Amino acid sequence: MLLPNLAHPAAPSLHEAFKEDFSVGASLGSMSAFDAAERALIVREFNVITSENNLKPARVQPTEGVFTFAEGDALVAFAQEHGIPVTGHTLAWHQATPDWFFVDGDKPASRDLLLQRLRAHIHAVVGHFRGKIKGWDIVNEGLSDKPDEYLRPNKWQQLVGDDYIAQAFAFAHVADPDAELYFNDYGNEYPHKRAKTLRLIKDLQARGLRVDGVGMQLHLQLDRIPYEEIDRSLTAFRALGVKVMITELDLDLVERSVWGADTAEHEEPTATNLGWKDAPPELLQRQAEQYAKLFALLRKHRDIIDRVTFWNLHDGKSWLNNWPVKGRINHPLLFDRALQPKPAYHAVLKIGNAARN
Ligand code: G3I
C-alpha cells in the first residue's frame, strides 16, 4: 500500500507543515486494529495522539474496582516508542459510563458515594498513566445544549451538583500533578456554549484549580462550517489564558438531520443519509476548500491553539460511518480507506506550507 508523498519524500507531512503553529493529531482506537501501513501513516503525519474510546470509564472500569488497562497501555507504548504525546479521553462523561457508578443497591447513589467513586476512578486511571499521559479531558460535554441551561443535567450533575466538574479537576491534579487538565465539549463555537465555557473556566480558576485547556471538538458538516462563530470563540477563549485544543475534528460529507455529536441520537436510513462507496468528486473538492479555509482560520489563532486533532486516522475508521445511521459510508477525514491522501489533505498541507515559505 502506498503512503502519501512517498513519491516526494522531501515533502513535509501534516505535522511538519504546521510545526510553527500547532501539533496535528489523530484519535486512535485499539492498536491491534491498526496494520503496519496504518501505523506508518500515523507516525509520519501526526505528532500527538488521543485515545478515542479505550480510556472511557466503560472500558477501563466496567465493574467497580475491576480495571482494564491493556488497550490504554498498548496505545501509550506505541506512542512512547515514537515519542508522541498522548491525551487521555475521558474521565467524567454522560456516556460510556457504567450504571454501577450511579446506584447504591436499588437507590440512586448519594453525593458522597458518587464523589468517592469519581475520586477512586480518577486516582486509579490517572495514577496508572502518571508520567505517561500528557493531559486529560477531565470532563467531557458537561455543558447543556439548551440555551437557558448552564450544565448538562447528566447523572453527575444531578447526583453531585454543579461542582462535580471542580471535584474532578481537583482529583486529577492530585493523581498526577504534572498532567495537563482540559475541559472538552462540542458546539462551543456557538454563542450560548461559548458563554457557558467562559463561565465554567472562570469558575474553576476562581476556585484555584489547575486548568490547562479548553477543547473544541469541531464535528463539522459540509457547507455548514460556522467560520465566524469559531473565530469569535477562539477570540473569546484567548482571554481565559488557557490553551485551546481542536480535539475531534471531522467534516461530514453525508447528509444528516441531527446536530452536534450526541451518540444517543439516531436517524432512520433515507435515500440521502447512507453515503457512497466513492464520494462524489465535487463534494471532495468542496471538502478540500472548506478544510483549507478552516486551517487558515486556525493558523490565525496559532498563539493559543496547542493542537488540532482529527477524530481518527482515515475515513474507514471514522465514527461517522455509524452515526447517526448505522452502516453509512462516510468520508470525513483527510485520508481515504486505502490510506491515500484526499484533495482535503493536499489543500490543508498547502495552508501549512504557504505559511512556512
Ligand atoms: O467495539 C465494539 C464492538 O466490539 C461491537 O461489536 C460494536 C457493536 O456496536 O460496538 C463496538 O463499540 C462501539 C465503539 O464506538 C467502537 O466502534 C460502541 O458501540 C460505540 O458506542 C462507540 O462509539 C463511540 C462513541 O464516542 C461513544 O463512546 C465512538 O466510536 C467515538 O468516536 C465517540 O466519540 C465521541 C467522543 O468520545 C466525545 N465527543 C463526541 C464523539 C463522537 O460521538
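How exposed is R286, in relative accessible area? R286 is partly exposed at 31% (buried is under 20% relative accessible area, exposed over 50%, partly exposed in between, with a 1.4 Å probe and protein chains only).

Before you click on, some ground rules. This is a predicted model, where local features need pLDDT of at least 70 and side-chain atom pairs count only at pLDDT 80 or more, while totals for chains, interfaces and linings use all residues. Residues are numbered from 1 along each chain as its sequence is written, and side-chain values use heavy atoms, with hydrogens and water left out.

D223 sits in the loop between β9 (219-221) and α9 (227-238) and R286 in helix α10 (residues 281-300), so the bridge ties together parts 63 residues apart in sequence. Helices (H or I, at least four residues) and strands (E, at least two) are DSSP runs, numbered from the N terminus. D223 is partly exposed too, at 46%.

Next, select K317 and E38. The closest N and O atoms of this salt bridge are 3.9 Å apart. K317 is in the loop between β11 (305-310) and α11 (343-356), E38 is in helix α2 (residues 36-45), and 279 residues separate them. K317 is partly exposed at 23%, whereas E38 is buried at 8%.

Now try D252 and R256, a salt bridge at 2.7 Å with both residues buried.

Last stop: pick D145, R152, D185 and K193 together, and you have one network joined by salt bridges that share partners.

Technical notes:
Salt bridge = Lys/Arg side-chain N within 4 Å of Asp/Glu carboxyl O.
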